[in-house]
Amino acid sequence: MRVLVTGASGQLADAVLRAFADRDLVSYTRATLDVTDVDAVRLAVDQTAPDLIINCAAFNRVDEAESHPADAFAVNAFAVRTLVRAAEGRGAALVHYGSDFVFAGLDGPDAEPYDESVEPSPRSIYAASTLVGDWLALAYPRAYVLRVESLFGLPAAWNGRRGSLDTIVAGLEAGRDVPVFTDRVVSPSYVVDVAAATRYLIDPHAPAGLYHCVNSGRGTWYQVAGEVARLLGVPARLKPITTAETRFAAARPKFCALSNRKLAAAGFEMPTWQDALQRWLAVRGRSPQAEARTAI
């Protein structure tokens with residue numbers, strides 16, 4: 001099987017490339033393939049003749065999308081249509097990753113996690129662009145759409161843009177006070193587990209379609225950060241905040257726990273987020289700031 005991976009410089013793509021290392025891999029970064037360029041995508045697919053296309057390219061700067069809606073839709077929606085058409089022309093399968101932001105997330109903390117049957121109700125440009133991307137991918141019978149949430153899994157030495165969990169870990173290791181939400185409920189996704197689920201689904205073990213691909217369980221960001229501090233063995237210097245106290249250009253879902261029961265029914269059990277955190281921190285290594293503080 002030849003596998004073409006887009007967005008190859010991101011943390012999810014890195015895990016995907018490792019999960020498919022025994023396959024014939026062709027990967028493109030944003031610099032080597034602009035997924036919004038229809039002709040460039042068509043040429044890349046024609047030249048590589050993949051059996052599977054895995055799209056890890058995304059415009060995930062949530063607040064920036066409010067002022068740059070055309071850019072968000074170009075990457076998160078219309079580029080997906082281009083990849084679908086290219087995959088269809090080759091008879092290739094397609095994997096695309098969606099987001100929990102497609103839900104309004106107005107439910108309380110005791111609500112049931114959202115499964116694939118819940119009607120989306122996006123409240124931001126970013127969320128709307130990802131939902132359109134989901135729809136365009138799912139129009140293709142050979143497409144798998146995996147909705148992920150709060151991706152984590154970066155190494156300590158990472159110098160690029162960090163996700164929420166990576167920022168929390170770096171702050172705790174550095175001994176800083178870390179502001180965390182007490183009223184946002186999440187189901188974080190470890191990129192290693194997401195990549196493993198992707199490999200399982202397309203091997204093939206399950207029909208194409210929509211799957212929620214998050215680690216099992218849920219917690220507020222405050223609870224997640226507390227578990228991080230416990231696993232790191234550092235003081236939990238957490239500053240509790242609420243969404244009402246924070247101004248964002250784009251609305252955030254307060255309750256965004258997703259159910260992975262459909263994935264489990266297909267035969268792949270996602271580990272708990274606590275287990276995923278423990279495995280990640282064990283292989284991540286400590287940050288330079290933490291090492292320096294220990295030496296002092």
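Modeller: The lining of the largest cavity divides into 6 nonpolar, 1 polar and 2 charged residues. (Ala, Val, Leu, Ile, Met, Phe, Trp, Tyr, Cys and Pro count as nonpolar, Asp, Glu, Lys and Arg as charged, and the others, Gly among them, as polar.) The model is predicted, and local features need pLDDT of at least 70 and side-chain atom pairs 80 or more, whereas totals for chains, interfaces and linings use all residues. Residues are numbered from 1 along each chain as its sequence is written, and side-chain values use heavy atoms, without hydrogens and water.

The residues that line the largest cavity are F101, F103, A104, R123, S124, A127, A251, R252 and P253. The space inside this cavity is about 40 Å³, and the count of cavities of 30 Å³ or more comes to 1. On a 1 Å grid over the protein atoms alone, a cavity is a set of points where a 1.4 Å probe fits but cannot get out; a pocket is an open set with protein on both sides within 12 Å along at least five of seven lines; lining residues have an atom within 4 Å of a point. Points are joined across faces, edges and corners, and a volume is the space filled by probe spheres set on them.

Helix 2 (38-48) and helix 4 (69-90) are the elements that give two or more residues to its lining, and helix 4 gives the most, with 7 residues. (Helices, H or I of at least four residues, and strands, E of at least two, are DSSP runs numbered from the N terminus.) Among the lining residues are V38, V41 and R42, together with A74, F78 and R85. By class, this lining holds 7 nonpolar, 2 polar and 3 charged residues.

Attention now turns to S99, which belongs to strand 4 (residues 93-99). S99 is buried, with a relative accessible area of 4%; buried means under 20%, exposed over 50%, and partly exposed in between, with a 1.4 Å probe and protein chains only. Neighbours within four places in sequence aside, S99 is in contact (heavy atoms within 4.5 Å) with Y126, T130, R147 and V148.

Burial also marks helix 6 (residues 164-173): 8 of its 10 residues are buried, so this helix is largely enclosed by the rest of the structure. Those buried residues include L165, I168, V169 and L172, and also D166 and E173. G175, which follows helix 6, has a positive phi near 80°.

The largest nonpolar core has 56 residues, of which V16, I54, Y97 and L201 touch the most other members. Helix 7 (residues 191-202) gives the most to this core, with 7 residues. Another core, of 20 residues, lies apart from it, and L83, A86, A143 and V145 are among its members. (Such a core is a set of buried Ala, Val, Leu, Ile, Met, Phe, Trp, Tyr and Cys residues joined through side-chain atoms within 4.5 Å.) Beyond its neighbours within four places in sequence, L201 is in contact with Y144, L146, A206, Y211, L263 and A266.

Some backbone details complete the account. P204 lies in the loop between helix 7 and strand 10 (209-212), and the peptide bond from D203 to P204 is cis, with omega near -5°. A49, in the loop between helix 2 and strand 3 (52-55), has a positive phi of about 50° although it is not a glycine. At 29% relative accessibility, A49 is partly exposed.
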